Amino acid sequence: MRVPNSVVLPVGTHVDCCQEQEVAEKTHDIMARITAMLAERKSNLAHFIDNLEGSEEPKFYVDQWERLKEMESCTLTILNLVAVNCTDHRDIKKLEATILEHVKNEELFPEVVRVLPPVYRQVEAAIVDIAQSEEMADHGMMDLQYLLSKLSQRSHLASLGRELLQDILRYLHRIGLVVWYEEIKQLESTVFLQPTFLITMFKLLVRYRLVQQLESIS
């Protein structure tokens with residue numbers, strides 16, 4: 001919801017645990033809930049913005065107003081839910097084909113036709129090489145300046161500058177090869193070369209019914 005012009009493909013799993021009619025009903029219900037959630041979010045944002053604009057001292061809330069307006073302008077495209085049986089390889093291939101079909105849609109992803117300079121591919125290949133090297137820690141975290149120095153040691157990337165590297169990292173972040181939270185001050189100098197580490201960490205921290213599990217401990 002906070003990513004500008006984002007595209008979301010809902011995926012429903014455990015189809016093998018449902019009857020065919022149930023799958024259709026649950027799919028309809030999930031899409032209806034998503035639509036309602038987005039409508040409620042839009043309404044809440046408009047309400048918050050109106051409150052700030054109608055306050056006695058609106059100039060004190062300029063930063064909040066700008067953040068809310070930025071969130072309000074973020075368009076979100078929700079694609080039709082894909083229901084899959086994760087134990088069936090054919091369903092996994094079906095999901096893969098659906099994702100590729102959407103990704104090639106120029107209306108959804110205008111940048112799919114963008115021709116990248118050769119240096120983008122060179123840096124991408126070099127980062128993959130660094131991430132897979134034995135000296136790389138399992139967490140895959142690396143200081144941005146250190147990453148630049150490592151890349152600059154390669155003869156064909158000797159002239160790579162920080163500004164160009166940041167542009168390339170934004171692209172690599174968008175395609176999911178790396179994670180770089182440049183908008184978060186505490187993390188802007190850290191690049192995650194192993195996004196799967198973050199997924200593993202989040203799975204440990206963010207768990208279904210975690211509060212209930214903790215409360216059940218005497």
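Axes are lines fitted to C-alpha atoms, for helices over the stretch in contact, and angles run from 0 to 180 degrees between N-to-C directions.

**Ground rules**

I am working with a predicted model, where local features need pLDDT of at least 70, side-chain atom pairs count only at pLDDT 80 or more, and totals for chains, interfaces and linings use all residues. I number residues from 1 along each chain as its sequence is written, and side-chain values use heavy atoms, with hydrogens and water left out.

**Entry: helix packing**

Helix H5 (residues 144-152) packs on H6 at an angle of about 105°, and the axes lie 11 Å apart. H5 and H6 are therefore roughly perpendicular to each other. For contacts I use heavy atoms within 4.5 Å. On the H5 side I find Leu144, Gln145, Leu147, Leu148 and Leu151, and they meet Arg162, Leu165, Gln166 and Leu169 in H6.

Next I looked at H4 against H6, whose axes come within 10 Å and cross at roughly 75°. H4 and H6 are therefore roughly perpendicular to each other too. From H4 the contact includes Tyr120 and Glu124, and from H6 it includes Tyr171 and Leu172.

**Entry: glutamate 124**

Is glutamate 124 buried or exposed? I call a residue buried under 20% relative accessible area, exposed over 50%, and partly exposed in between (1.4 Å probe, protein chains only). Glutamate 124 has 17%, so I log it as buried. This residue sits in helix H4 (residues 118-132). Leaving aside neighbours within four places in sequence, glutamate 124 is in contact with Tyr171, Leu172, Ile175 and Leu177.

**Entry: aromatic pairs**

My rule: rings of Phe, Tyr and Trp (its six-membered ring) pair if their centres lie within 6.5 Å, with planes under 30 degrees apart counted as stacked, over 60 as edge-to-face and the rest as tilted. I get two aromatic pairs. In one, the ring centres of tyrosine 120 and tyrosine 171 are 5.7 Å apart and the planes stand at 65°, so I mark it edge-to-face. This pair links distant parts of the chain, with tyrosine 120 in helix H4 and tyrosine 171 in helix H6 (residues 162-174), 51 residues apart.

I place tyrosine 181 in the loop between H6 and strand E6 (190-192), and phenylalanine 192 in strand E6. Tyrosine 181 counts as partly exposed because its relative accessibility is 23%, whereas phenylalanine 192, at 6%, counts as buried.

**Entry: cysteine 18 and H1**

I found cysteine 18 in the loop between strand E2 (11-12) and helix H1 (20-53). Its relative accessible area is 24%, so cysteine 18 is partly exposed. Not counting residues up to four places away in sequence, cysteine 18 touches Val23 and Lys26.

The 34 residues of H1 should span 50 Å, and the end C-alpha atoms are 50 Å apart, which agrees. The buried residues of H1 include Val23, Met31 and Ile34. Helix H2 (62-73), strand E3 (76-78) and strand E4 (82-83) are among the elements that cover the buried residues of H1.

Note on methods. Helix = DSSP H or I, 4+ residues; strand = E, 2+ residues; numbered from the N terminus. Expected span 1.5 Å × (residues − 1). Parallel < 35°, antiparallel > 145°, perpendicular 65-115°, else oblique.
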